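Trainee: I have a structure open here and would like to talk it through with you. Could we start with the overall picture?

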Amino acid sequence: ILSDVNTQIQRFLFVRLVTSAVVALATWGVLAWLGAQNAVIWGALAGLFNSIPYFGPVIVSGGLFVVGMVQGGTQALSRSLFASLIPAHKSGEFFGFYSVFEKFASIFGPLTYGLANWLSGGNHRQAILLTGAYFIIGLLLISGVDVARGRRSALRSDRSERKAKFQ
């Protein structure tokens with residue numbers, strides 16, 4: 001069975017290669033006949049772009065792999081930064097707050113996407129654009145955070161809490 005599958009894949013790739021070559025040569029021939037500049041380059045690009053629908057999913061999967069690898073690290077960094085900005089004696093309260101908003105995000109992100117997709121008549125591009133607005137808004141909000149000031153404030157709060165305990 002694997003031999004048959006391998007043979008079929010080889011045939012498919014050979015047909016794709018021949019088809020792309022025919023498209024490239026035909027495009028080059030017609031453009032050269034019409035007197036277009038750089039007809040060879042345009043023909044080569046036409047042959048290359050003819051195969052993109054078949055190799056595009058592989059390229060997209062590679063991009064998704066990179067996003068998946070980065071997303072876990074980003075989550076860890078955001079928790080670490082958050083922990084450095086809160087007073088240690090109130091970490092339970094703040095991380096509870098963080099957890100609630102994390103759950104809201106897991107609800108409102110897909111809900112927004114689905115609603116935008118429905119309102120746009122099934123246009124996934126508009127839904128992705130609207131959902132991407134959350135990232136833009138988050139970036140704008142976090143750009144106003146003074147991390148050094150937040151850390152100083154958390155340390156000040158911890159010091160005053162320790163002083164209050166010992167008095």
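Trainee: What radius of gyration does the protein have, next to that of a compact globule of 167 residues?
Mentor: The protein has 28 Å, whereas a compact globule of 167 residues would have a radius of gyration near 15 Å; the radius is taken over C-alpha atoms, and the globule rule is 2.2 Å times the number of residues to the power 0.38. This is a predicted model, in which local features need pLDDT of at least 70 and side-chain atom pairs count only at pLDDT 80 or more, while totals for chains, interfaces and linings use all residues. Residues are numbered from 1 along each chain as its sequence is written, and side-chain values use heavy atoms, with hydrogens and water left out.

Trainee: And what box do the C-alpha atoms fill?
Mentor: Taken along the principal axes, the box is roughly 90 × 50 × 35 Å.

Trainee: How much of the protein counts as buried?
Mentor: Of its 167 residues, 13% are buried, meaning under 20% relative accessible area with a 1.4 Å probe and protein chains only.

Trainee: Switching topic, how many helices and strands are there?
Mentor: The protein has six helices and zero strands, where helices (H or I, at least four residues) and strands (E, at least two) are DSSP runs numbered from the N terminus.

Trainee: Which residues of α1 are buried?
Mentor: They are Arg16, Ser20 and Ala24.

Trainee: What span should α1 have, and why?
Mentor: Helix α1 (residues 2-34) should span 48 Å because its 33 residues are counted at 1.5 Å a residue, the expected span being 1.5 Å times one less than the number of residues. Its end C-alpha atoms are 48 Å apart, which agrees. Just after α1, Gly35 takes a positive phi of about 85 degrees.

Key: Buried < 20%, exposed > 50% of the residue type's maximum accessible area, 1.4 Å probe, protein only.
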